[in-house]
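Subject: Structure handover

Dear colleague,

Here is the structure I said I would pass on. My notes on it follow below.

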Amino acid sequence: MAEQVAAMCEQLIKAVNVMMDAETSQIYRLEALKFCEEFKETSSLCVPCGLQLADKAQPAVVRHFGLQILEHVIKFRWNNMQQQEKVQLKECAMQLLSNGTRTILEEESHIKDALSRIVVEMIKREWPQNWPDMLTEMEALTSQGEAQTELVMLILLRLAEDVITFQTLPSQRRRDIQHMLTQKMENIFSFMIHHYTFVLKLTSKNFAHCRVAVATLNTLAGYIDWVSLVHITFRNCHLLEMLCLLLSEPELQLEAAECLLIAMSRKGKLDERKPFMLLFDDVAIHYILSATLSDESLGYVEIPANLSKYMEAILAFTTHSSQFLKSTTLPTWGALFRHETLSKDAVVVEMATKYLRVSMTNLVKGGFPSRDDNPSCEYSRVDFDSDEDFNSFFNSFRAQQGVVLRSACRIVPLEAFQIAAEWLQYQIASPVDAGDVTSKTAEGLCSLLSPSVVQWDAMTVFMECVVSQILKNLEEEKLPIDESMELLQAVLNYDSKDPLILSCVLTNVSALFPFAIHRPQLIPQVLYKVPRTRAVKNVRRHASSSIIKICRDYPQFILPCFDMFYNHVKKLFSSEASLTHMEKFSLMEALVLISNQFKDFAKQKAFIDELMASVVADWTSDEMRLALWDPVAFLSFVGADQVVTESQSTDTDTVSLNRGRVSLCFCLYAMLAVVKRAHWPADLEEAKAGGFVVGYSPAGAPIYRNPCTAQFHVLLPNLLALIRTHHSLFMPENMSRLSETFSRAHEVMDAEKNVVLGLSQHSLDIYVSPVYRSSLERMQGFFTSVYENCFQILGNAGLSLQQEFYTIERLAEGIAGSAFVSLDHVVRLFLRQLVLSCPQEYYESLLCPLLGPLFAYMMQVRSSALPVLTGPVRSINKSTLSSANSSLKVSPLFFPSQTIYMSLLTLSFTLLSWKDTTNCHRSASVVCWTLLRPVSGNLLPEAVSWFYTSVLRGLQVHGQHEVCNSTLCQLAMLIYENLRPRYIELRTVMTQIPNISVDALDQYDKRLMDPKAQKLGEKKRKDQFKKLIAGTVGKALCQQFRKEVHIRNLPSLFKKPKPDKDLVQSSEALGLAALFSPEHDAL
């Protein structure tokens, strides 16, 4: 036997060395791995070999493999081992704990971890029933030295994690162990406190003592999160006192602070948490503040009674060089500034002003790990893996700062505005500093990391937060109007050629504009300034967005300047040849927004007719009509059939190549702007007075007319033709007409591929990347924008025009012959808008001809229909079934076509088993039962079985996800409980579920079918039903090939039975007989 073990150990050592040798070839490594795995699975020498390999004389890698063998035996063979073998293995494991390791400082951490896992696996299978003295034996081990004490702590920590945190045990075993841990918790806590208190009392601490204390504190952190608060607060919070004292120990600060943080995060009743106020005494605050001011400090924060000292500690964290450490203080600042009582305290009010000053520094983006231009860089190299990681964090950090800033501004609004004003004036007066990282696009321009840009950027965020809160929280008479007008005038006068700074200037104009409504004389300057702020494409886009935002939010104040602004726009259109189509349609959109304030149908219609005259002329011209109706002419019109050389693609004068594209895009954008923005007054009386109301529906709702309807009717035929032509471009004969340059024009753009793959462009390169794009990229972008804009126009037409859109003659035929020509490419957003905005009286004439073929097609290509299914399904459900009666069958009012209804119902249940958890959850929770319930009484038994099986199939695919599991179980229970009395076939389906208990099913059916049976509460019914269908729940892919670990239940712990007490037989006088005695009949 000994010779066999020695020989096998020699082979295993060689195999392990082969596996771990970096020079080993892949073939040999796989062979060695296969040999080791086969040994663990089949050999009868596992225990003796494992023990011999785990001897401390062996190298660490061999010892670790030996311990793995022992762990494998316990996990997978324990149930088949004889009792004597179990006892022997347990004794060997305890011997390893006692003298099988090196000293605490010499032993490898992975060896300690492996050894603790072995003991914990045995505890999970035998304690407390078969190993009642486990805790006593562990405590005895600690007397043998620091190494054994650390191992015991690791065992206790892993046990708590497996039982409480990860819950990797069967429920019965978990309850047994948790029950015993709870019973022994006072002893366990006393044991742990004794060990780290011992270290605290030592006058000369060595590394071994500190290692023990660290392990003890880590174990304590694993218990503080879930034990009763009584154990944390016993002896007048002695535990918390010791933890505060440990904050002054550099080697133990981190672990002590973590324990304190977990303790403070515990939920509980106010009376139970009241002892925690001990931490707010001067002594505790002194230790916390001392730890805060040290370079090695950690962000532990809570609201103290001694508010002044406490807030000094928080402010110290907030001014620390570590950006991550600063971010940990934000929840505390937010809680202080939002607190109803504390926010009025003089200390907090004073600190709010200090915080605003500190935020001026914290909002400045700095500290990239790859750079050395900021004190934060050194800390960032520890906290973040790359500049991208830091940039992502800082964007979130700044957003959180904005929330806290707004809370502080509510406390000291005028002081906040004064700080913002001083900062803006300083930036205006300061010269531009491009720094050493300049833009790649032009010489001397700033990049995103230039000193001036990061300061302007931070100041802009600060200004937006401050102004938004001032306008919300101050009465009009208290607003700093004069100061704000001076600022706005200074910003309007500021001139810079740098696009990044110009972008910040535009944001400040938009932020300060609300004050201008109190001084209307500045409004014309704003309207002149913003459209002329032009540099690069991003700034043009920003300027366009700004003017639209201003006209959208304050149209009534700009109305007096409408004629001036309109004339100014006309001059820009006629004189500015370089004005892009984006700027043109943005200005048109702004004008339409202002024109809504005319509140006069005739006047607004005349204005829109004039504004759109050139667009209508171009869109309906013979040249455009020929291009839009014929795919061959269209490809020639946009230049997709031409070969473009590299020299041509870099030439700035490409008018002959893209004139058609520019004209087409401008017409589409202009149509979208007018259709989306033109609207009647929200007030019914104003709408009636202005001539917008043309009648009333049978239900009494007013029917409006839109001033752009006439224009839309003229533009619609060519729009539908363009959609149809665009679909036909994917036909083989048209694909072959693309030139060599544009042969990939219909493929997914490289930028979109990168987004899908998670390789999106570095956010720092947005402004510094080259402006140049290839001809192919421009053509791909053109096709994409044309396609999206066409459907945006159609979708918004239903929302804006309403009755006037849905009454267009042969509309269903037009949409079916264009947008629905290729059902593979139906845009979900358009379909959702079309369905939601459609009045009920047009369901039959419009929706049925469109949705019938769509649903039939989706039934044929189910998986590929996934992107477009959820939108229409949920939209139809929301717009039709929300008001339907639950007893309603297939109603002609809501679904005039029974075929469409059943197709929709079938699709909804089919979707449950598609590999898309989000849509599965949506369909199960919103759609399925709502659609099934009205027709549940008219279904064939085979159909009911299919619907129910579809739900169970969904559980098989998605049941491992908690959210899907919950909604699918709820849906299955609704179907079973409501339909089981009428359809016995559902029971047949249930009996086919793997491992179902037929007796439990019989009991459930009895309670369901028998009106006299005792009814259980909803929660108990849900739990019982969930157990019945548990066999349908599939495994996640990562769990499907994992070897199962089986832990047997032990006899239940002894519980004292409750005494049976017969109230009727009891001799105790209850007084009931006397109450109903004849003497009381008179009552």
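Which helix does P631 lie in? P631 belongs to α34, residues 631-638; helices (H or I, at least four residues) and strands (E, at least two) are DSSP runs, numbered from the N terminus.

Before the rest, the basis. The model is predicted, so that local features need pLDDT of at least 70 and side-chain atom pairs count only at pLDDT 80 or more, while totals for chains, interfaces and linings use all residues. Residues are numbered from 1 along each chain as its sequence is written, and side-chain values use heavy atoms, with hydrogens and water left out.

Overall
The chain has 54 helices and 2 strands. Of its 1083 residues, 50% count as buried; buried means under 20% relative accessible area, exposed over 50%, and partly exposed in between (1.4 Å probe, protein chains only). Among contacts in the chain with a separation of 6 or more, 74% come from residues 24 or more positions apart, a contact being heavy atoms within 4.5 Å.

P631
P631 has 16% relative accessibility and counts as buried. Leaving aside neighbours within four places in sequence, P631 is in contact with T725, S728, L729 and N734.

Cores
A nonpolar core here is a set of buried Ala, Val, Leu, Ile, Met, Phe, Trp, Tyr and Cys residues joined through side-chain atoms within 4.5 Å. The largest has 219 residues, and W619, F805 and Y948 touch the most other members. Apart from it lies another core, of 92 residues, including L181, A213, A215 and L239. With neighbours within four places in sequence left aside, the contacts of W619 include M624, L628, L664, C667, L668 and M671. L715, N718, L719 and L722 are also in contact with W619.

Helix α25
Why does the separation of the end C-alpha atoms of α25 agree with the helix's 18 residues? At 1.5 Å a residue, α25 (residues 499-516) should span 26 Å, and its end C-alpha atoms are 25 Å apart; the expected span is 1.5 Å times one less than the number of residues. α25 bends by about 25° at S510, and the proline P514 follows within four residues. That bend is the angle between axes fitted to the seven residues ending at a residue and the seven starting there. Of the 18 residues of α25, 18 are buried. At the start of the helix, a side-chain oxygen of D498 comes within 3.1 Å of the backbone nitrogen of L500.

Strands
β1 (residues 693-696) and β2 (residues 702-704) run antiparallel and are joined by 3 bridges; two strands pair if DSSP finds at least two bridges between them. Y696 stands opposite P702 in β2. The hairpin has 5 residues between the strands, and G700 takes a positive phi near 95°.

Backbone points to check by eye
- The W127 to P128 peptide bond is cis, with omega near 5°; P128 is in the loop between α6 (109-126) and α7 (134-141).
- K599, not a glycine, has a positive phi of about 55°. K599 is in the loop between α30 (581-595) and α31 (601-611) and is partly exposed at 31% relative accessible area.
- N995 also has a positive phi, near 60°. N995 is in the loop between α51 (985-991) and α52 (998-1009) and is exposed at 81%.

Regards

Conventions:
A polar contact is a pair of N or O atoms within 3.5 Å; within protein, one must be able to donate a hydrogen and the other to accept it, and residues adjacent in sequence count only if both atoms are side-chain atoms.
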